[in-house]
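Here is a short note to read beside the model. Please keep the sequence and the picture open while going through the points.

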Amino acid sequence: MSITYTLTRRRALAALLTIPVAALAACGSTDTDSGAPAPTGSSAPVLDRNATLTLYNAQHDTLTKAWVEAFTAKTGIKVEIRQGSDLTMANQLAAEGASSPADVFLTENSPAMSLVENAGLFAQVDKATLAQVPAEYSPSTGNWVGIAARSTVLAYNPTKVTEAELPKSIMDLQDPKWSGKFGAAPKGADFQAIVSAMLELKGEAATKTWLAALKTGGQAHTGNSAAMKAVNAGTSTTAVIYHYYWYGDQAKTKENSNNVKLHFFGGQDPGAFVSVSGGGVLKSSKHPAEAQALLQYITGKDGQKLLADSTAFEYCVGKDVPSNPALKPLAELGAPKVDPSKLNSKKVVDLMTAAGLI
Amino acid sequence: MRRLRSLPPLRLLVPCLLIAGFAAIPLVVIVYYCFDVGWAVVEPLVFRPLIGELLANTILLCATTTTCCLTAGVALAWLVERTNLPGRGVWLALLASPLAIPAFVNSYAWISLAPELHGLWAATMITTLSYYPFVLLPVAAALRGLDPALEETGRSLGLGPARMWVRVVLPQLRPAMLGGSLLVALHLLAEFGAIEQLRYATFATAIIAQYESTFASTAANALAAVLIACCLLFITLEVLTRGRARTARLGSGAARAATPIRLGRLTAPAVAVPLTVVVLAVGVPVYSVTHWLGYTGAAGFDPSALLPVLATTAKLAALAAAVTVAAGFPLAWLSVRHRSLMTTVLERSTYLASAVPGVVVGLALVTVSIRYARPLYQTTILVVAAYVMLFLPRAMVNLRSAIGQAPPVLEEASRGLGQSAFATFRRVVVPLTAPGVLSAAALVSLAVTTELTATILLAPTGTHTLATEFWSAAAEIDYPAAAPYAVCMIVLSLPSAYLLLRQSVRGVTR
């Protein structure tokens with residue numbers, strides 16, 4: 001009748017079943033330790049084609065599915081995808097700790113990677129994988145690797161503001177003349193990544209003032225898509241978002257972006273910040289070699305080519321793989337140089353909490 | 001003597017204590033976190049301007065929406081039950097149909113028609129359009145079950161129509177109105193999807209925002225603690241205002257049906273009222289979903305992709321409904337048949353966890369199960385457990401009234417005639433309470449069909465439900481891809497909405 005009853009019985013049963021399994025596993029590991037000689041010399045480990053990886057995915061659903069399908073076709077290794085959002089999944093991984101069932105974690109922004117990295121849960125990414133991506137798109141620690149990138153933009157409604165009137169820097173939005181005419185989606189990982197770049201580049205005092213201006217004179221949207229829709233509808237003049245929302249909608253119905261244009265700040269401005277999406281292998285993974293192979297595939301030529309051909313409209317970060325030709329090239333964005341592992345998102349959350357934004 | 005008789009037997013009390021203890025797990029985790037980090041950390045997180053803003057926003061929205069739902073629910077119920085409105089039966093079914101449309105689908109639909117919608121009034125309108133049936137159905141049932149003899153007596157004693165309503169009809173409707181309002185308020189406290197699109201910040205949206213921020217789970221737990229305090233306030237209010245009045249009919253035989261009021265020349269404007277409500281509450285979402293479907297056409301309906309998701313969702317909803325009702329029944333029985341302060345507190349304690357958003361319950365269960373029940377982690381059992389914690393009170397409202405309407409004298413008669421306790425339960429209690437139990441199950445499965453965050457955190461890896469697929473498409477503002485899932489959610493919710501409607505049509509007469 002009660003679930004408690006069912007739970008306890010199941011638990012008892014599970015406990016009974018676990019004992020012999022654990023004992024067997026213990027025997028197994030002793031065998032390997034004492035008996036079989038460790039492979040020497042060869043660097044590439046033999047992959048277990050019967051392994052099934054568990055992937056915690058906060059990246060775009062469709063993109064990751066495409067990666068995984070191609071990876072399975074190539075290697076025979078199956079991957080189960082668990083879909084979620086950046087920081088909820090990072091918080092979940094932190095709560096799971098060493099017992100996590102996850103092998104690989106993919107995000108949209110770097111702060112979630114830093115959270116898991118700071119909890120000490122990532123294994124080192126293979127050197128060969130790190131070498132496939134320019135150093136600027138991975139943290140100096142090498143605990144995770146960049147898999148894609150997105151650019152900060154100012155979405156604006158050309159019927160409300162002309163191109164010439166647009167601000168030169170994201171910092172100019174705190175000017176009283178922009179009060180009531182700009183917005184952002186302060187909740188969520190995307191915007192917090194942008195603010196952490198601002199903090200790194202302009203310092204705490206400037207960031208504080210800017211956030212205060214956002215609280216008093218800006219519109220707080222619930223997400224980047226909602227922000228773009230508001231600009232499209234003319235209820236907001238401008239909004240700070242990531243570039244791909246616009247490209248994605250343009251490729252589909254255009255109904256949320258027909259009256260929207262994108263302004264790239266450029267000139268190493270904090271508003272030209274390019275946020276890195278990351279991938280990492282969990283220390284607790286039971287299939288570390290296979291997990292590393294998945295990361296190697298995603299950051300390699302084939303994986304990055306798949307990203308370029310997809311409708312995700314994110315930038316490729318792999319060496320010598322051009323991004324989707326619809327996009328303004330990554331090299332022309334004038335993005336500021338920021339080490340992803342230097343982004344202090346804890347401080348950002350404190351500042352945003354103090355500003356009353358979250 | 002009465003006191004002694006009402007002391008609950010241990011074989012009932014012990015399982016009830018276990019169930020209530022189980023439902024309280026998320027609360028224990030939240031309170032533990034708050035104590036663990038210490039008052040010095042929690043205090044500045046609770047006593048800051050934003051919390052004041054959120055508190056005001058949440059209470060305001062609850063007040064406005066509950067008032068609007070009460071007004072709309074009672075007025076529409078009166079029109080349908082007490083006047084000669086043409087097509088009364090059809091109207092009741094149409095007016096109940098928003099139950100089948102998830103509130104966030106309704107919200108998305110309105111936003112795409114009128115993107116400038118935002119703030120308190122937009123949130124009030126949209127949540128009212130989604131939730132008024134929670135008041136309409138019980139009030140309609142109560143009106144139908146009212147004995148007209150009471151009103152005739154009132155009239156013969158010289159009461160005018162207005163004073164008659166206030167002094168005779170409204171007191172009889174009070175339990176139905178309060179039960180409905182409590183359901184609306186509980187939904188509102190935890191509602192996230194419908195409100196977040198409207199740029200209106202409540203505790204639920206703020207808690208989700210906290211979990212979307214790095215290192216912020218302390219702040220989220222502090223917010224959740226305040227939200228639970230809000231819920232405590234609502235429950236106390238409902239208990240205090242419910243009173244101790246007896247509303248069951250005395251006397252033998254069946255009550256007559258009330259003579260409907262002739263609308264006469266007012267028929268046309270009277271028809272316009274339910275028509276407007278149906279257009280706003282059902283027409284708008286149906287139009288928007290059809291409009292999105294237009295982009296993809298038949299190609300959007302890939303049965304090989306949709307059917308497994310539909311089946312998973314249906315399975316989880318059915319499982320959760322069965323377990324929740326099974327867990328709720330003894331508690332509801334205890335609180336009705338052995339009514340005392342202790343049993344009321346026990347029953348109401350299960351309401352608290354439901355006031356916090358799924359993500360709070362979800363992460364609490366992550367922490368607890370990974371430490372103490374690792375084999376259960378990310379299994380169907382765990383996600384169903386979360387659904388039970390979240391949706392127990394929704395079942396409880398119906399279970400309690402179903403048990404309340406089953407006269408104990410029938411069970412006593414059955415035992416007196418030599419039937420065993422089990423046979424009495426099977427042959428007397430089950431048939432008498434079955435309709436209410438089905439309604440309770442229907443409410444739970446409606447909720448599970450649209451649940452998102454607990455599912456994401458706790459369901460077995462690779463589980464796709466209609467809600468997770470809808471959100472993942474909607475997050476990429478791919479409404480055409482989201483639309484088929486919205487249609488499936490509506491289709492899957494129709495049987496539950498029908499069950500609730502039928503229960504209301506049967507009314508309290510028996």
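1. Gln268(A) counts as partly exposed because it has 15 C-beta neighbours inside 10 Å; the class lies between buried, with 20 or more other C-beta atoms within 10 Å, and exposed, with 12 or fewer, the C-beta atoms being placed from the backbone. Gln268(A) sits in the loop between strand E8 (261-263) and strand E9 (274-281) of chain A. Its phi is positive, about 55°, although Gln268(A) is not a glycine.

2. A word on the source: this is a predicted model, in which local features need pLDDT of at least 70 and side-chain atom pairs count only at pLDDT 80 or more, while totals for chains, interfaces and linings use all residues. Residues are numbered from 1 along each chain as its sequence is written, and chains are lettered from A and ligands numbered from 1 in the order in which they are written.

3. Asp320(A) also has a positive phi, near 60°, and is a residue other than glycine. Asp320(A) lies in the loop between helix H11 (301-309) and H12 of chain A. Is Asp320(A) buried or exposed? Asp320(A) is exposed, because 8 other C-beta atoms lie within 10 Å.

4. Chain A as a whole has twelve helices and nine strands; helices (H or I, at least four residues) and strands (E, at least two) are DSSP runs, numbered from the N terminus. Of the 358 residues in chain A, 52% are buried. Among contacts in chain A with a separation of 6 or more, 77% join residues 24 or more positions apart; two residues are in contact if their C-beta atoms, placed from the backbone, lie within 7 Å.

5. How many residues does each chain give to the contact between chain A and chain B? Chain A gives 51 residues and chain B gives 49 residues. The elements with two or more residues on chain A's side include helix H1 (3-34), strand E2 (78-83) and helix H12 (345-354). By class, that side has 16 nonpolar, 24 polar and eleven charged residues. Here Ala, Val, Leu, Ile, Met, Phe, Trp, Tyr, Cys and Pro count as nonpolar, Asp, Glu, Lys and Arg as charged, and the others, Gly among them, as polar.

6. The largest nonpolar core has 281 residues, of which Val139(B), Ile207(B) and Ala386(B) touch the most other members. Such a core is a set of buried Ala, Val, Leu, Ile, Met, Phe, Trp, Tyr and Cys residues joined through C-beta atoms within 7 Å. Helix H19 (residues 380-405) of chain B gives the most to this core, with 18 residues. Leaving aside neighbours within four places in sequence, Ile207(B) is in contact with residues including Ala220(B), Leu223(B) and Pro357(B).

7. Helix H16 (residues 303-337) of chain B packs against H19(B) at an angle of about 50°, with the axes 6 Å apart. Axes are lines fitted to C-alpha atoms, for helices over the stretch in contact, and angles run from 0 to 180 degrees between N-to-C directions. H16(B) is therefore oblique to H19(B), since angles under 35 degrees count as roughly parallel, over 145 as roughly antiparallel, 65 to 115 as roughly perpendicular and the rest as oblique. By class, the contact of H16(B) with H19(B) has 21 nonpolar, four polar and one charged residues.
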